[in-house]
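Colleague: I have a chain here and would like to go through its layout with you. Could we take it one question at a time?

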Amino acid sequence: MFVAQLSFSAKQLDSTVGDLVKELVHFSYHQGLIVHLENDIIYSKNGNIILQCITPEKYKFDTIDRSYIFGKLEELQVSITIDYLGEATFAPDVCSCANSGFYILLASDFIPLTCGICGNAVPLYRIPPTYASDPSYYDINCWNKVNLAWSSIEFYSVHEAFAQKELCDIQSHQNQQALAIRDKIETLSGVECYYFIEELRHINNLNAETVDICPGCEDKWTVCDFSDRYELKCKSCKLVTNGCI
Ligand SMILES: [Zn+2]
Ligand SMILES: [Zn+2]
């Protein structure tokens, strides 16, 4: 992944342009061109508005739908230059497989889709948009952000048990949403997709006899043979996890 710098210059840089830049950030985020929204930096320097952000690959901003926000900026005679400042060394690598074989939907600080072959992140724009009314990945990104929020609540607050249930119980709203998104990814991309469900050992009141049972079909988990990142899989439910046998 790379740190990209977008510079916006115009005769008059006012709050209208500033608002459009902020809108561009959100638009690009939901199209998968910007990841990890919290790391974006917007500032002004020498009469330009500068946006620094993390993007999965170089030169992908040209693929954005320019008819909307870029069009509005052009109407205001705002010129845009894009520079790539270097690799985002703290971000995961991006998949370069010719064929991923299958994907894994897995909540992440960066991209919640992983290649089944190499284990690296798959930019969302490589799959067809999953959110039809505004061609984007709005549903995947929203699910991912909520998942990260639940993880924070689990870790930092007194509502740990409630957050664990959302993350670990397959019937929770969060996990049911994940399964629906996973199915949508498969249908739209034609590529098989597993879902990583949080560690089962975190569920309260789970006893040793049931811990090795897949929550989807109640058959036993099998050892995951396609990646050493995950311990267990259920092929019929297309789930992976790091549980304990
Ligand atoms: Zn790959
Ligand atoms: Zn199962």
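**Helix contacts and chain layout**

Modeller: Trp 150, Ser 151, Ile 153 and Glu 154 of α3 are in contact with Glu 160, Ala 163, Gln 164, Glu 166 and Leu 167 of α4. By class, this contact of α3 with α4 has 4 nonpolar, 2 polar and 3 charged residues. Keep in mind that the model is predicted.

Colleague: At roughly what angle do the axes of α3 and α4 cross?

Modeller: Two packed helices are described by the angle between their axes and the distance between the axes. Here α3 covers residues 138-156 and α4 covers residues 160-168. α3 passes α4 in a left-handed crossing. Their axes come within 8 Å, and the crossing angle is roughly 145°.

Colleague: Is Glu 166 buried or exposed?

Modeller: Glu 166 lies in helix α4. A residue is buried if 20 or more other C-beta atoms lie within 10 Å of its own. Glu 166 has 20 such atoms within 10 Å, so Glu 166 is buried.

Colleague: Which residues does Glu 166 touch, not counting those up to four places away in sequence?

Modeller: Glu 166 and Trp 150 are 16 residues apart along the chain, and their C-alpha atoms are separated by 7.4 Å. Leaving out residues up to four places away in sequence, Glu 166 touches Trp 150, Ser 172 and Gln 174.

Colleague: How is α3 oriented relative to α5?

Modeller: The axes of α3 and α5 (residues 173-189) come within 11 Å and cross at roughly 150°. Angles over 145 degrees count as roughly antiparallel. Therefore α3 is, relative to α5, roughly antiparallel.

Colleague: How many nonpolar residues are there in the contact of α3 with α5?

Modeller: From α3 the contact takes Asp 139, Ile 140, Trp 143, Val 146, Asn 147 and Trp 150, and from α5 it takes Gln 174, Gln 177, Ala 178 and Ile 181. Of these residues, 3 are polar and 1 is charged, and the nonpolar ones number 6.

Colleague: Which loop holds Gln 77, and is Gln 77 buried or exposed?

Modeller: Gln 77 has a positive phi of about 55° although it is not a glycine. Most residues other than glycine have a negative phi. Gln 77 lies in the loop between α2 (69-75) and β4 (79-87). A residue is exposed if 12 or fewer other C-beta atoms lie within 10 Å, and Gln 77 has 10 such neighbours, so Gln 77 counts as exposed.

Colleague: What is the phi of Glu 218?

Modeller: Glu 218 is found in the loop between β7 (192-196) and β8 (222-223). With 10 C-beta neighbours inside 10 Å, Glu 218 counts as exposed. Phi of Glu 218 is positive in a residue other than glycine, with a value near 65°.

Colleague: How far apart do the C-alpha centres of domain 1 and domain 2 lie?

Modeller: Domain 1 runs over 2-87 and domain 2 over 102-241. In the contact between them, 11 residues of domain 1 meet 11 residues of domain 2. By class, the domain 1 side has 4 nonpolar, 5 polar and 2 charged residues. The C-alpha centres of the two domains are separated by 31 Å.

Colleague: What percentage of the residues of the chain count as buried?

Modeller: The secondary structure of the chain comes to 5 helices and 10 strands, and the C-alpha trace spans about 70 × 45 × 35 Å along its principal axes. Of the 245 residues, the share that counts as buried is 33%.

How values were computed:
Residues are numbered from 1 along each chain as its sequence is written. Chains are lettered from A and ligands numbered from 1 in the order in which they are written. This is a predicted model: local features need pLDDT of at least 70, side-chain atom pairs count only at pLDDT 80 or more; totals for chains, interfaces and linings use all residues. Axes are lines fitted to C-alpha atoms, for helices over the stretch in contact, and angles run from 0 to 180 degrees between N-to-C directions. Helices (H or I, at least four residues) and strands (E, at least two) are DSSP runs, numbered from the N terminus. A crossing is left-handed if the near helix is turned anticlockwise from the far one by less than a right angle, and right-handed if clockwise. Two residues are in contact if their C-beta atoms, placed from the backbone, lie within 7 Å. Ala, Val, Leu, Ile, Met, Phe, Trp, Tyr, Cys and Pro count as nonpolar, Asp, Glu, Lys and Arg as charged, and the others, Gly among them, as polar. Domain bounds come from an automatic or database domain assignment. Angles under 35 degrees count as roughly parallel, over 145 as roughly antiparallel, 65 to 115 as roughly perpendicular and the rest as oblique.
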